[in-house]
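Here is a short briefing for a first look at this structure. Start with the strands, then turn to the chain contact and the backbone.

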Amino acid sequence: MELFELSVAQIIEGLQNRTFSASEVFKACLNRAKMLEPRISALLSFTEESGMAQAEAVDKALASGEKLGPLAGVPFIVKDNMCTKGIPTTCASKILAQWKPPYNAAVVDFLDEAGAILMGKANLDEFAMGGSTEHSAYGVTSNPWKLDCVPGGSSGGSAASVAAGYVPFSLGSDTGGSIRQPAAFCGIYGLKPTYGLVSRRGLVAFASSLDQIGPFTRTAEDMALVLDVISQKDDHDSTCSRRSRPDYKKALRADSLKGRKIGLIKETLGYKLDPEIKEAFDKTVKFCKEQGAEIVEISLPTMIEYGLPCYYILAPAEASSNLARFDGVRYGLSEDAASLIDLYMKTRAEGFGVEVKRRIMVGTYVLSSGYYDAYYLVAQKVRQLIKREFVNAFKSVDTILLPTAPTPAFRKGELVNDPIQMYMADVFTLPVNLAGLPGLSLNAGFSKDGRPLGVQFIGSWWGEEDLLSIAALHEKAYGTAPIAQGGVC
Amino acid sequence: MAVSADDIRHVAALARLEITDDEVQAMHQHFEEILGYFNRLNELDLEGIDAFALKVDEEIPWREDKAVQSSVREDALDEAPYRHGDFFRVPRIVEED
């Protein structure tokens, strides 16, 4: 086994046993990334020097017998919409081209304190708006399983880098599916935690009532190890819950799904799915039954039919407000202008890409005088209705199973000029954000032409342990998905 | 609700986005499509639903109102495109007599 292929758990064990050093692991991951980057373009920047220094410090601490943090020596990558002190944080936008944050995102601090080593920052759809990572101002990321396909989005670079073996874990953010859909497209685990489990301090805000940070990993165990670190409480994010967190590693010990009720949504069963996604979904239903779970059919009529228009009113509305801060005065790009208003208008016209402009415009419209009641207020009510349906559903089931997306990874360019078709890829993921629930995508096989097929489990609020135990049992039954070779044989 | 090209220009002005005629046209088409889609929500019976009901299952946390030292001021100002001493510099907004 090559060092870049190791999981988080294997790196921790190997360092303790002195099988290899943290410097060796970091170099192996860095070499792997540098070899594949010309084909995959998952990263916007490397943190090679600081990373090497940290790896050497871990080795020194190991040699002198110091106590190490729980993720000491494990390299990772974060999506470039999370602040890293003194390291460019671009959100894949021209408007933040040169910007270096004055502080770290809470999750970056938590990982740093745990001894994990930042290796680079990942590409995304500009400001996390998109489902393919094609809407980046700095180039398109390729799917490491099939280079002519997209890796999904918006956390496409984070997903691709874990799938291709650059690092054993990365962080993404999920506002409407931006962790789960790329995890499905890239054949790895992706978790969108319950709203409020992970601090959002230092995550550049897109839609504050929907955004949540979560990990990508190649094993279920790694998911628990990373979640234990990033889900710490944070006094500086008032939306971060004060409830006590469990030890997520314990969830990995489940030996069956006996006594668990897993819901299948009637309305998704009738949805037109790609036949191979349907096959992967059916196979996963069978797996749940074999593990002893009871399968229950449930009805959630509003989420499939109306979740999408509801989301595409609320998310742009929040985005139009959050992105008002990019004004050419305080950070990033600033165009020459004679008046202050002109400075705003020109900077924003030059700095934002087409999809971001679309959403700012739609968001401004639905909040504007005369349209607020007709759109924004109606969508807020629909959101309540969707939440209410989930509350009822979780009275009769513990977990819900559905596909992550209706199709596997699509081709680059296929949907980029058809925004509404692109939005459709989120149909199964965005209701989870509207309700604030946790959702986990896992790999359930590959299509005949080699594209990963993902399915999604939705837990009840704070039900991450349920999701992790299902992931662990699934991995035990089907094995760990292989690492993508990025077109290199 | 039909949208006109002038509506698009008005929204762009509200959003502080300079917009070209080509962009107005493209945005107009996008609005027509997506608003048609949004209007589907009117099929639902939303009588009696509180739009802003929050599912509060824990108390909203408060912390002590205590001044703490923040060290980001200089770094933040340093990242501004134009600074003047301890201020962000912008084009003149008040005309001289």
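Two strands count as paired if DSSP finds at least two bridges between them. Strands themselves are DSSP runs of E, at least two residues long, numbered from the N terminus. The model described here is predicted.

- Strand β7 of chain A spans residues 261–265, and β8 of chain A spans residues 294–298.
- These two strands pair in the parallel sense, over five bridges.
- One of the residue pairs is A:Ile265 with A:Ile298, its bridge partner in β8(A).
- β7(A) is also joined to β9 of chain A, residues 399–403, by three bridges.
- The β7(A) and β9(A) strands run parallel.
- Here A:Ile262 has A:Thr399 as its bridge partner in β9(A).

**Contact between chains A and B**
- Chain A puts 51 residues into the contact, and chain B puts in 39 residues.
- On the chain A side, the elements giving two or more residues are α10 (301–322), α11 (340–351), α12 (354–367), α13 (372–396) and α14 (419–424).
- The most comes from α13(A), with eleven residues.
- By residue class, the chain A side holds 30 nonpolar, ten polar and eleven charged residues.

**A cis peptide bond**
- The peptide bond from A:Gly153 to A:Ser154 is cis, and its omega is near 10°.
- A:Ser154 sits in the loop between β3 (117–122) and α5 (156–163) of chain A.

**Positive phi at A:Cys91**
- A:Cys91 is not a glycine, yet its phi is positive, at about 55°.
- This residue belongs to the loop between β2 (75–79) and α4 (106–113) of chain A.
- Is A:Cys91 buried or exposed?
- A:Cys91 has 27 other C-beta atoms within 10 Å. The cut-off for buried is 20 or more, so A:Cys91 is buried.

**Positive phi at A:Trp462**
- A:Trp462, also a residue other than glycine, has a positive phi near 65°.
- Its place is the loop between β11 (452–459) and α16 (464–478) of chain A.
- A:Trp462 has 18 C-beta neighbours inside 10 Å. Partly exposed covers counts between the exposed limit of 12 or fewer and the buried limit of 20 or more, so A:Trp462 counts as partly exposed.

Methods. Residues are numbered from 1 along each chain as its sequence is written. Chains are lettered from A and ligands numbered from 1 in the order in which they are written. This is a predicted model: local features need pLDDT of at least 70, side-chain atom pairs count only at pLDDT 80 or more; totals for chains, interfaces and linings use all residues. Helices (H or I, at least four residues) and strands (E, at least two) are DSSP runs, numbered from the N terminus. Two residues are in contact if their C-beta atoms, placed from the backbone, lie within 7 Å. Ala, Val, Leu, Ile, Met, Phe, Trp, Tyr, Cys and Pro count as nonpolar, Asp, Glu, Lys and Arg as charged, and the others, Gly among them, as polar.
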